[in-house]
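Morning, everyone. I have one model to walk through today. Please bring it up on the screen.

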Amino acid sequence: MKNNRIRLDQYNQDGYSRGKSGWFILLWWLVQGSLFRFSLHPMYQWRNFLLRLFGARIGKGVQVRPTARFTYPWKVTIGDYSWVGDHVEFYSLDHIEVGEHCIVSQNSYLCTGTHNIHDVKFGLITKPIKICDGAWIASDVFVNPGITIGVMSIVAARSTVTRDVPSNEIHAGLPARFVKNRFEVTEEIQRLKEVLI
């Protein structure tokens with residue numbers, strides 16, 4: 001098109017670091033597509049071992065399903081007793097931190113990468129994602145780069161998170177918006193909301 005200003009032929013990632021060398025990344029993709037992916041359902045410790053082997057910080061009692069995918073596991077932290085469902089995507093171009101006792105349900109997508117829509121070269125932008133303790137990301141949720149999901153908060157199924165979710169709140173929709181509090185707001189919970197978000 002004559003009026004198109006976008007020049008993908010000029011796109012480059014020279015300013016971005018994947019954090020590991022090319023051969024290490026290829027080795028992870030090979031392991032993820034075989035030893036990780038085809039491990040039996042209850043082999044959580046085995047998958048945790050593989051993730052740790054490739055630099056992920058995985059707490060005790062973590063349960064990751066075999067179809068979950070991690071772009072760069074060395075940029076991922078998952079706290080104690082958290083669960084990661086089937087076909088969850090950790091698009092970890094930047095750091096993704098999942099707290100303790102969290103649930104990231106099936107088919108959810110945690111996206112730390114986007115592009116500068118005003119740049120004709122479509123420059124890469126990365127921002128970390130943080131999911132705080134006790135939060136639940138329900139099925140098929142998309143979390144934008146740079147988002148924090150607060151302590152004990154919930155994002156309802158099929159939602160798209162475009163802004164931070166304060167602690168103890170339930171958000172739903174496209175874009176996700178406040179629905180109600182998860183638990184009765186006590187002084188302790190109110191302090192959490194003020195400190196974290």
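I will cover the helices, then the strands, then the cysteines, and last some backbone details.

First, the ground rules. This is a predicted model: local features need pLDDT of at least 70, side-chain atom pairs count only at pLDDT 80 or more, and totals for chains, interfaces and linings use all residues. Residues are numbered from 1 along each chain as its sequence is written, and side-chain values use heavy atoms, with hydrogens and water left out.

Start with helix α1, residues 22-36. The expected span of a helix is 1.5 Å times one less than its number of residues. With 15 residues, α1 should therefore span 21 Å, and its end C-alpha atoms are 20 Å apart, which agrees.

Which residues of α1 are buried? They are Phe24, Ile25, Trp28, Val31, Gln32 and Phe36. Buried means under 20% relative accessible area, exposed means over 50%, and partly exposed is in between, with a 1.4 Å probe and protein chains only. Those buried residues pack against α2 (44-53), β2 (63-64) and β3 (69-70).

Now the helix pair. Two packed helices are described by the angle between their axes and the distance between the axes. The axes are lines fitted to C-alpha atoms, for helices over the stretch in contact, and angles run from 0 to 180 degrees between N-to-C directions. α1 and α2 pack at about 175°, with their axes 11 Å apart. That makes α1 roughly antiparallel to α2. The cut-offs: under 35 degrees is roughly parallel, over 145 roughly antiparallel, 65 to 115 roughly perpendicular, and the rest oblique. On the α1 side, the contact (heavy atoms within 4.5 Å) uses Trp28, Val31, Leu35 and Phe36. On the α2 side, Trp46, Arg47, Leu50 and Leu51 take part.

On to the strands. Two strands pair if DSSP finds at least two bridges between them. An open sheet of 5 strands runs in the order β3-β6-β9-β14-β17, with parallel pairing. Its edge strands are β3 and β17 (160-161), and each pairs on one side only. Inside the sheet, β6 (residues 89-91) and β9 (residues 109-111) pair in the parallel sense over 3 bridges. There, Glu89 has Tyr109 of β9 as its bridge partner.

Next, β18, residues 169-173. β18 pairs in the parallel sense with β16 (residues 154-155), over 2 bridges. Val155 is bridged to His171 in β18. β18 also runs antiparallel to β19 (residues 176-181), joined by 5 bridges. Ala172 stands opposite Arg177 in β19. β18 and β19 form a hairpin, with 2 residues between them.

How many disulfides does the structure hold? It holds 0. A disulfide needs a pair of cysteine sulfur atoms within 2.5 Å. The sulfur of Cys102 is 7.7 Å from the closest cysteine sulfur, in Cys132, so it is too far for a bond. Cys102 counts as buried at 1% relative accessibility, and Cys132 counts as buried at 6%.

Finally, the backbone. Most residues other than glycine have a negative phi, and most peptide bonds are trans. The bond from Leu174 to Pro175 is cis, with omega near -5°. Pro175 is in the loop between β18 and β19. Met152 has a positive phi, near 60°. Met152 is in the loop between β15 (148-149) and β16, and counts as partly exposed at 21% relative accessibility. Asn168 also has a positive phi, near 65°. Asn168 lies in the loop between β17 and β18, and counts as buried at 0%.

Note on methods:
Helices (H or I, at least four residues) and strands (E, at least two) are DSSP runs, numbered from the N terminus.
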